[in-house]
Amino acid sequence: MSTTLWVNARLACMADAAGSAQDRVLERGALLTRGDRIVWAGALEALPAAVRADARDPATHWQEVDLGGALVTPGLIDCHTHLVYGGSRAREFEQRLQGVSYEAIALAGGGIRATVNATRAASDASLYEQAAARLRAYLREGVTTVEIKSGYGLTEHDEARLLRTARRLGQDAAVDVRTTYLAAHALAPEYAGRADDYIDAVCRWLSTLHAEGLVDAVDAFCETIGFTLAQTERVFAAARALGLPVKLHAEQLSNQHGSALAARYGALSCDHLEYLDQGGIEAMAAAGTVAVLLPGAYYFLRETRLPPVAALRAAGVPIAIATDHNPGTSPVLSPLLMLNMACVLFRLTPWEALRGMTTHAARALGLQATHGILAAGHRADFVAWGVDDVSELAYAIGRNPCQRIVYRGTERVPAPGGHTTGAVARRETP
Ligand code: NIG
Ligand code: FE
């Protein structure tokens, strides 16, 4: 195990020592890490001599790293992606540019169903390689935790393939992967006209996949072109019976009151939320459910109805931001671009946007005790950025100021040319 004192950082811890939110950059900051954990974070001159002496345990390897005055934030967390799938939906993109709606394409058998066909046809190796290539883009921009949903298989076998691929990505690359079971994403073609039977199958498969250790959370698409409130509730009940947390694609295209249902099940998050009403907001606030806003999908679908940001803020609902990477509504591979879009499209402040991809994203994955802030006891996942201020992370478009990425206390090996190009960063052997 090695102990590192990272000095000369300008720290955006995203919280004070007690864990309360803080929009403040701490000058002359330092982080003391031991193994994969932060032991201490603060201004270097405040580092207690005893803590420093303790950390210099002769049994551990000690080093000091100068971060050169970089802005240091927690590693970015993308809490909503559909990274594993086959094929592309560029043709559908063209159709939509000509005015055909997302719903109409789905009802005609395209949309999610088109990706399901391409995914089922893809080999395991090809699914892995395609997703790994996408993941590389995330890693270059400072992502240290990513959620990956299933939902393009829609058979037990194919949902398992997607979840296993996600797990493998997490084992191979220097990133934490959290998996979400989303078989209730669209009706499998084998069950046409029998949505309730399909939901029975979805619940059965869940037990098997959970027993294989493939599922960290359970999600559904509650929508006119997805599943009803009652069907969604059956999926939630199956998750609850297994002790698994739930989340929901809710109020994306219409108000189905899915958020209030999800809140009743203590959901980690409700995601999209353009059509969320006050009742849903209050239910989420009472349940501590995170609102995950997805500006990429809002933009790509040319949605005009904004999520109720002011009301969410007023109710104290934590707001997270994610890419929602998927081939249909958000073919986005830049988490940093989402910070920009969250500010420009949804009027979040740059600090709110960054909190949305760190602290609140951690909460949306149930990881708030260990991830998303720079504080003692939390994971030593952080990024050194070559910028002066947090606002610059959200301001620039197409610029990657990421200088160094530390994952579990170890610097990710930069690819040739630095973090902005190159191959997937592999885990270092300890
Ligand atoms: O989050 N809304 C449902 N699921 C995805 C889109 C999936 C697709 O079109 O392939 C979303 O936007
Ligand atoms: Fe999604």
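**Aromatic rings in this model**

Mentor: Let us begin with a group: ring pairs join Tyr 191, Tyr 198, Trp 205 and Phe 227 into a cluster. Please keep in mind that this is a predicted model.

Trainee: How many aromatic pairs does the count come to?

Mentor: A pair of aromatic rings is described by two things, the distance of the centres and the angle of the planes. Rings whose centres lie within 6.5 Å are taken as a pair, and by this rule the count comes to eight aromatic pairs. In one of them, Trp 6 and Phe 382, the centres are 5.2 Å apart and the planes stand at 85 degrees, so the pair is edge-to-face. This pair links distant parts of the chain, with Trp 6 in strand β1 (residues 2-11) and Phe 382 in strand β13 (residues 382-385), 376 residues apart.

Trainee: Are Trp 6 and Phe 382 buried or exposed?

Mentor: Both Trp 6 and Phe 382 are buried. Another pair, Phe 93 with Phe 300, is stacked, at 5.1 Å centre to centre and with 15 degrees between the planes.

Trainee: Which helices hold Phe 93 and Phe 300?

Mentor: Phe 93 lies in helix α2 (residues 90-97) and Phe 300 in helix α11 (residues 295-300), so the pair ties together parts that are 207 residues apart in sequence. Phe 93 counts as partly exposed at 34% relative accessibility, whereas Phe 300, with a relative accessible area of 17%, is buried.

Trainee: Where does the charged end of Arg 134 sit?

Mentor: The charged end of Arg 134 sits over the ring of Tyr 85, 3.7 Å from its centre.

Key: Residues numbered from 1 in each chain as written. Chains lettered and ligands numbered in written order. Predicted model: local features only at pLDDT ≥ 70, side-chain atom pairs only at ≥ 80, totals over all residues. Heavy atoms only, no water. Phe/Tyr/Trp six-rings, centres within 6.5 Å; stacked < 30°, edge-to-face > 60°. Helix = DSSP H or I, 4+ residues; strand = E, 2+ residues; numbered from the N terminus. Buried < 20%, exposed > 50% of the residue type's maximum accessible area, 1.4 Å probe, protein only. Lys NZ or Arg CZ within 6 Å of the ring centre and 35° of its normal.
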